[in-house]
Amino acid sequence: MRVRGVLHRRTIPVRLSEALCFEAQARRRRGAWKGHTYLVTEETTELELESRIESIADAAEVAAQVVRRLGLGDEAAFGVDMAVREAVTNAVLHGNRQDKTKKVDVSFRGSPEMLEITVRDRGTGFELENVPDPTDPQNLMKASGRGILFMRTFMDDVEYSRHPEGGTVVRMTKRK
Amino acid sequence: MAELDIKERQAGDVTVLDMDGKITIGEGSVALRSAIRRLLEEGKKKILLNLAGVGYIDSSGIGELVSSFTAINKEGGQLKLLKLTQKLQDLLAITKLLTVFDVYDEEPEALSSYK
């Protein structure tokens, strides 16, 4: 997994372990870091993930760091965690079909107003209207198909689009 | 520690699985599936899942509960749920599965409900 953090519009390449340290430093919105004073007005963290099951928990771990930095409450944190796990699950399993040559890109963009998360796969795409409603009585006993419902339940907005270079992009926002 | 710890005990003819951890895609879901499959192979068809220690479940975990329910019903057995956390109750309500599962807060009440 590659992690890239942007703090106050400065791009800082970091490893995950460093990202954790970075998180600890950046928890307060205004503070000191390596002798410099900083103010977090906008921050972006980007991940490039392998198409494997373990990537789902990795994405959730980074989401938790971002959520803490932005000072979101427990309820919002739970929703973001759930939505990120479901979106990355869909990207790894249904989009990229666990093809190791295909990456999943995740970005977290935090601002004073909201957190915007995008997840992009490299799959062939799908028609949203063809996704069965999992709460329809005839679908209740199906083992899968509830991920999008959870994303929509726990985030304020969820939009799907096609990436110009291929793959599906889901953009989810949580307002503060 | 494993993502999902499952301890089995017998209460009369009901097998209780005390679960602790997460039921999420991968390890947690697989652990639940394996446990249910093993019980059915052993002819244990009255199964009570004690979910008091399950603080987190994703859509894959919910799917695994549904699959377990279906598999046990198919064998003529019964799967019931005990001590759902508030979060899990909320998720089952969102997915409209609260009406599908037989859910109990107290173990004696759950045990006496099996035929």
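Reply: Happy to. A:Ser55, A:Ile56, A:Ala59, A:Ala60, A:Ala63, A:Ala64 and A:Val67 of helix 2 of chain A meet a set in helix 3 of chain A that includes A:Ala77, A:Val80, A:Val84, A:Val88 and A:Val92. This is a predicted model, in which local features need pLDDT of at least 70 and side-chain atom pairs count only at pLDDT 80 or more, while totals for chains, interfaces and linings use all residues. Residues are numbered from 1 along each chain as its sequence is written, and chains are lettered from A and ligands numbered from 1 in the order in which they are written.

Me: What makes two residues "meet" here, and what counts as a helix?

Reply: Two residues are in contact if their C-beta atoms, placed from the backbone, lie within 7 Å. Helices are DSSP runs (H or I, at least four residues) and strands are too (E, at least two), numbered from the N terminus. On that basis chain A has four helices and nine strands.

Me: Why are helix 2 and helix 3 of chain A called roughly antiparallel?

Reply: Their axes, for residues 54-70 and 74-95, come within 9 Å and cross at roughly 150°. Axes are lines fitted to C-alpha atoms, for helices over the stretch in contact, and angles run from 0 to 180 degrees between N-to-C directions. Angles over 145 degrees count as roughly antiparallel, so helix 2 of chain A is roughly antiparallel to helix 3 of chain A.

Me: Which residues make the contact between helix 3 and helix 4 of chain A?

Reply: The axes of helix 3 and helix 4 (residues 147-154) of chain A come within 9 Å and cross at roughly 150°; these two helices are therefore roughly antiparallel as well. Helix 3 of chain A contributes residues including A:Gly79, A:Met82, A:Ala83 and A:Glu86, and helix 4 of chain A brings A:Gly147, A:Phe150, A:Met151 and A:Phe154.

Me: How do you know that the buried residues of helix 1 of chain B line one face?

Reply: A residue is buried if 20 or more other C-beta atoms lie within 10 Å of its own, exposed if 12 or fewer, and partly exposed in between, with C-beta atoms placed from the backbone. In helix 1 of chain B, the buried ones are B:Gly28, B:Ser29, B:Ala31, B:Leu32, B:Ile36 and B:Leu39. Seen down the helix axis, they fall within an arc of 165°, so they line one face; the arc is that of the directions from the axis to the C-beta atoms. On the other side, B:Ser34, B:Arg37, B:Arg38 and B:Glu41 are exposed.

Methods: Parallel < 35°, antiparallel > 145°, perpendicular 65-115°, else oblique.
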